[in-house]
Amino acid sequence: MATTLIGTTPSWMRISEVAPPPSIFRRSCLFFHKRFGSSSSRSFSISAASAEDKAEVVRVRFAPSPTGNLHVGGARTALFNYLFARSKGGKFVLRVEDTDLERSTKQSEDALLRDLSWLGLHWDEGPGVGGDYGPYRQSERNSLYKQHAEKLLDSGYAYRCFCSNEELEKMKEIAKLKQLPPVYTGKWATATDEEVQEELAKGTPYTYRFRVPKDGSLKINDLIRGEVSWNLDTLGDFVIMRSNGQPVYNFCVTVDDATMAISHVIRAEEHLPNTLRQALIYKALGFSMPSFAHVSLILAPDRSKLSKRHGATSVGQFREMGYLPQAMVNYLALLGWGDGTENEFFTLEQLVEKFSIGRVNKGGAIFDSTKFRWMNGQHLGALPSEELIKLVGERWKSTGILRESEGTFIQEAVQLLKDGIDLITDADKALSNLLSYPLPATLNSPEAKPVLEDKLSEFSADLIAAYDSGELLGALEEGHAGWQKWVKNFGKSLKRKGKSLFMPLRVLLTGKLHGPDMGASVLLLHKAETCGVVAPEAGFVTLNERFKMLRQLDWEALIKDQPPLESAAAISN
């Protein structure tokens with residue numbers, strides 16, 4: 001990002017090739033600092049122009065803090081960085097910002113890396129990969145921060161502040177009473193060398209504060225938001241190094257981005273206010289500023305910030321719920337971006353080809369879990385048949401429904417049930433439902449009344465006879481053709497066809513009024529019974545057990561106890 005200074009600029013804001021001796025700089029800074037405070041001071045402006053297409057090599061970074069799970073907002077930021085880098089032939093850098101020593105954990109870092117890899121967002125430089133700009137964990141870069149902090153101190157851009165916490169709190173209280181911004185008003189910005197040396201000799205703890213001009217403004221051309229500007233008079237001198245020697249976030253980020261040659265900073269809009277402090281540090285250290293792009297927040301349906309109270313919000317949670325990585329990548333990309341067409345279905349490769357930061361919206365995007373689920377179903381359906389069968393088969397075995405994860409039963413079950421599966425976890429319910437036999441509950445439901453009253457008891461007796469004679473089982477052994485032939489003949493013998501034939505057959509053989517193709521379902525039930533693939537804990541009711549239940553039914557009691565059809569209407573209302 002090219003940076004130009006407009007108007008009369010304090011000499012300490014101009015970067016010299018050869019720095020004068022520190023003592024001269026301190027006197028010069030003191031002079032300009034006093035001048036900023038006077039009524040005759042002249043303001044200056046830092047104007048940062050940015051463009052999406054720049055001549056230099058594109059280098060972007062995703063810099064998460066390992067203090068918890070990877071939120072969908074963070075995942076989308078990582079995705080936009082990845083897509084921008086890949087679309088420009090640039091580098092995608094992963095940097096771990098673990099300076100929060102109390103909250104950062106190795107477990108969280110491992111989870112972050114795992115989630116990014118699961119999404120397919122493989123980094124070119126970073127932990128586990130290396131690179132020419134490492135190390136890639138902030139906790140391993142402390143010497144670099146101290147080096148640049150000393151540079152700012154020696155050149156007069158920063159100064160030691162010996163104020164106690166009590167003094168700082170008093171400044172805040174006074175500012176609040178006067179309805180002024182909480183800016184630093186302590187004496188150490190203008191202290192003499194003798195005063196500083198006296199405190200050092202006493203061993204008084206101190207921070208490093210950055211010296212901010214009293215007047216002026218910063219203006220950037222954000223790649224997403226357009227022109228954004230801030231006045232410097234609301235900022236005040238800010239801390240860059242704490243008294244315990246630990247650097248402050250804005251200082252770390254600036255030094256890291258500059259020394260890692262990051263060309264474009266694509267991050268969440270909540271970081272927009274940080275740009276002012278970071279721009280001042282860039283300029284003071286003589287670094288060129290990158291281009292900035294601040295992405296809007298992801299919102300809940302009520303337009304509040306998406307949080308845990310709205311349900312699952314982390315990548316790990318959605319993975320455990322059965323979502324596919326390609327579906328998550330597709331959906332996250334559409335939260336604030338589109339290619340200008342009606343198309344909503346993209347692979348990662350297609351997103352790289354289509355992505356443009358200029359098409360990212362400024363407004364917040366609403367996370368719609370229903371649409372996300374639908375999109376996952378679309379991606380599931382688009383999987384090659386072998387891959388879907390493998391995924392679902394492994395799922396069924398891991399959850400203890402089946403003893404095996406492959407074979408003809410699994411293949412046929414997946415083909416039969418796949419249309420009702422939006423998530424891999426839906427496959428459990430779909431298969432369990434097929435294997436179950438809730439006949440008593442079905443027959444006692446208001447919806448079953450017409451079927452029950454259509455001489456279902458007589459129909460059941462004829463079906464039992466067909467089973468006991470081996471006729472039905474023989475047909476099932478012959479597969480689909482055998483089943484179709486038997487159904488046709490059975491219907492002729494009862495002078496039934498269409499709904500009057502198939503509804504009672506479905507109810508008596510599957511125990512349900514609705515479901516997937518009946519013939520395929522009954523053939524699968526027969527196969528499950530004969531091949532022993534179903535685990536004992538799955539609650540499978542075999543055909544043999546179903547016919548035992550049919551023989552024991554008290555049809556008169558069922559018809560007598562059936563609720564009237566009006567009950568169904570009352571329930572639905």
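## The largest pocket

In this predicted model, the largest pocket holds about 1,100 Å³ of space. Its lining is made up of 40 residues, of which S65, H71, G74, E270 and H271 are the closest to the centre of the pocket. Sorted by class, the lining of this pocket has 13 nonpolar, 18 polar and nine charged residues.

Several elements of secondary structure take part in the lining of the largest pocket: the strands β3 (59-62) and β10 (264-268), together with the helices α2 (72-87) and α7, each supply at least two residues. Among the contributors, α2 gives the most to this lining, with five residues.

## The second largest pocket

The second largest pocket holds about 620 Å³ of space. It is lined by 27 residues, and those closest to its centre are L168, K172, T207, R209 and V239. By class, 15 residues of this lining are nonpolar, six are polar and six are charged.

Here the elements that each supply at least two lining residues are α5, β6 (207-210), β9 (238-241) and α7, and the largest share, five residues, comes from α5. Helix α7 supplies at least two residues to the lining of the largest pocket and likewise at least two to that of the second largest pocket.

## Helix α5 and the residue that follows

Just after α5, Q179 takes a positive phi of about 55°.

## Packing of α4 against α7

Two packed helices are described by the angle between their axes and the distance between the axes. For helix α4 (residues 142-155) and helix α7 (residues 249-259), the packing angle is about 100° and the axes are 10 Å apart. Because angles of 65 to 115 degrees count as roughly perpendicular, α4 is described as roughly perpendicular to α7.

On the α4 side, the contact is formed by L144, Y145, H148, A149 and L152, which meet F251, C252, V255, D256 and T259 in α7. By class, the contact of α4 with α7 has seven nonpolar, two polar and one charged residues. As background to the spacing of such residues along a helix, an α-helix has 3.6 residues a turn, so residues three or four places apart point the same way.

Methods
Residues numbered from 1 in each chain as written. Predicted model: local features only at pLDDT ≥ 70, side-chain atom pairs only at ≥ 80, totals over all residues. Heavy atoms only, no water. Axes fitted to C-alpha atoms, helices over the stretch in contact; angles between N-to-C directions. Helix = DSSP H or I, 4+ residues; strand = E, 2+ residues; numbered from the N terminus. Parallel < 35°, antiparallel > 145°, perpendicular 65-115°, else oblique. Contact = heavy atoms within 4.5 Å. Nonpolar A, V, L, I, M, F, W, Y, C, P; charged D, E, K, R; others polar. 1 Å grid on protein atoms, 1.4 Å probe; cavity = no way out; pocket = protein on both sides within 12 Å on 5 of 7 lines; lining within 4 Å. Points joined across faces, edges and corners; volume = space filled by probe spheres on them.
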